[in-house]
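Student: I have a chain open here and want to go through it with you. Can we start with the overall picture and then move to details?

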Amino acid sequence: MRERDALEDQLAAIGRMEQALEDNLTLIELGEAEKDEATVTEAEAELKKLKAEVSRRELEALLSGEADANDCYLEVHAGAGGTESNDWASMLLRMYVRWAEQHGYKVDWLEESEGEGAGIKSATVQIKGRNAYGWLKSENGVHRLVRISPFDSNARRHTSFASVVVFPVVDDRIKIEIEEKDVRMEVMRSGGAGGQHVNKTESAVRLIHEPTGIVVKCQQDRSQHRNRAMAWDMLRAKIFEREIKKREDKAAAEQAAKTDIGWGHQIRSYVLQPYQMVKDLRTGVSTSNTGGVLDGDLDEFMQATLAQKAFGTKVENIEDVE
């Protein structure tokens, strides 16, 4: 049923785009015949939007990896820097939640560790919807923020780092076997939001996979049993992602994910002072609309990264992709 729904969505989108193309071309012809410049301008603007949607759909068709169509988990971890980095981690998390909501994805909070003064030390969410992993997997890496710190009484400029880790939800089609003897479980009181009950009981669960060192944590539910089940799902997903990387020979990328959250390892820089700029260091794509990006406008960056991977070259303008 999920595959059928996806195909129906694709066919409906093709029909809608064909109709939009025909309608706007007709409007341009009528506008030119009647010398109505406003109508022509409006129709041309709609055609530009249509071109961008077609480019996105073309790239989406390339999301054919084993788990690209799956839901995904997204983790954000603050780097060194105390309150400033914790605040930056919370800004990043909000950015991805807004992106997901804008694209019709559902977001479930699984775990959150609050910062001491502000923001978060870490958090994990599950993003549900077709191709969630396919789109978000390009966001793996370290993100750097430069701004005048609101926590610095001397109003000095600070540089902060946070890392993003994305891995796919493993569904019933993918079998991952894990020996229980290889996994150590720890229980603890939940941190962050959740009310008095969730903070008074040891309902949060952490699983450590001894052979690989992979650690997952879940505090979504009041029930320790349900949190344990979700943590096992997350652990299977992380181990599956690890196997994908092995099969795709991404040893270098895997090693980079283990490096320090700091200088020299970032994939994207967000500069708020002394000028406004967000730049992806892999593709060269940049924008001065920092507010839009931090509010979830990430499509241009994601599309350029996917296009670069698909076509083997930098693509600084997604509309240039043929």
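**Overall picture**

Tutor: Of the 322 residues in the chain, 47% are buried, where buried means under 20% relative accessible area, exposed over 50% and partly exposed in between, with a 1.4 Å probe and protein chains only. This is a predicted model, in which local features need pLDDT of at least 70, side-chain atom pairs count only at pLDDT 80 or more, and totals for chains, interfaces and linings use all residues. Residues are numbered from 1 along each chain as its sequence is written, and side-chain values use heavy atoms, with hydrogens and water left out.

Student: How many helices and strands are there in the chain?

Tutor: The chain has 9 helices and 11 strands. Both are DSSP runs numbered from the N terminus, helices being H or I with at least four residues and strands E with at least two.

Student: And what is the mean pLDDT of the chain?

Tutor: The mean is 83, and 84% of the residues reach 70 or more; pLDDT is the predictor's confidence in each residue, from 0 to 100. Over residues 193-200 the pLDDT is below 50, and that stretch has 11 contacts in the model beyond near neighbours in sequence. A contact means heavy atoms within 4.5 Å.

Student: Next topic, the open sheet. What is the order of its 3 strands?

Tutor: The order is S6-S7-S8, with antiparallel pairing; two strands pair if DSSP finds at least two bridges between them. Strands S6 (183-188) and S8 (214-218) are at the edges with a single partner strand each, so one side of each has no neighbour in the sheet.

Student: Over how many bridges do S7 and S8 pair?

Tutor: Strand S7 (residues 204-209) pairs with S8 over 5 bridges, in the antiparallel sense. Val205 has Cys218 in S8 as its bridge partner.

Student: Is Cys218 buried or exposed?

Tutor: Cys218 is buried, at a relative accessible area of 0%. Cys72 is buried too, with a value of 0%.

Student: How many disulfides does the structure hold?

Tutor: The structure holds 0 disulfides, a disulfide being a pair of cysteine sulfur atoms within 2.5 Å.

Student: Last one, Ser85. Where does Ser85 lie, and in which helix?

Tutor: Ser85 is part of helix H3 (residues 83-102). Ser85 is buried, with a relative accessible area of 1%.

Student: What does Ser85 touch, not counting residues up to four places away in sequence?

Tutor: With those residues left out, Ser85 touches Ala78, Gly79, Ala80, Ser160 and Phe161.
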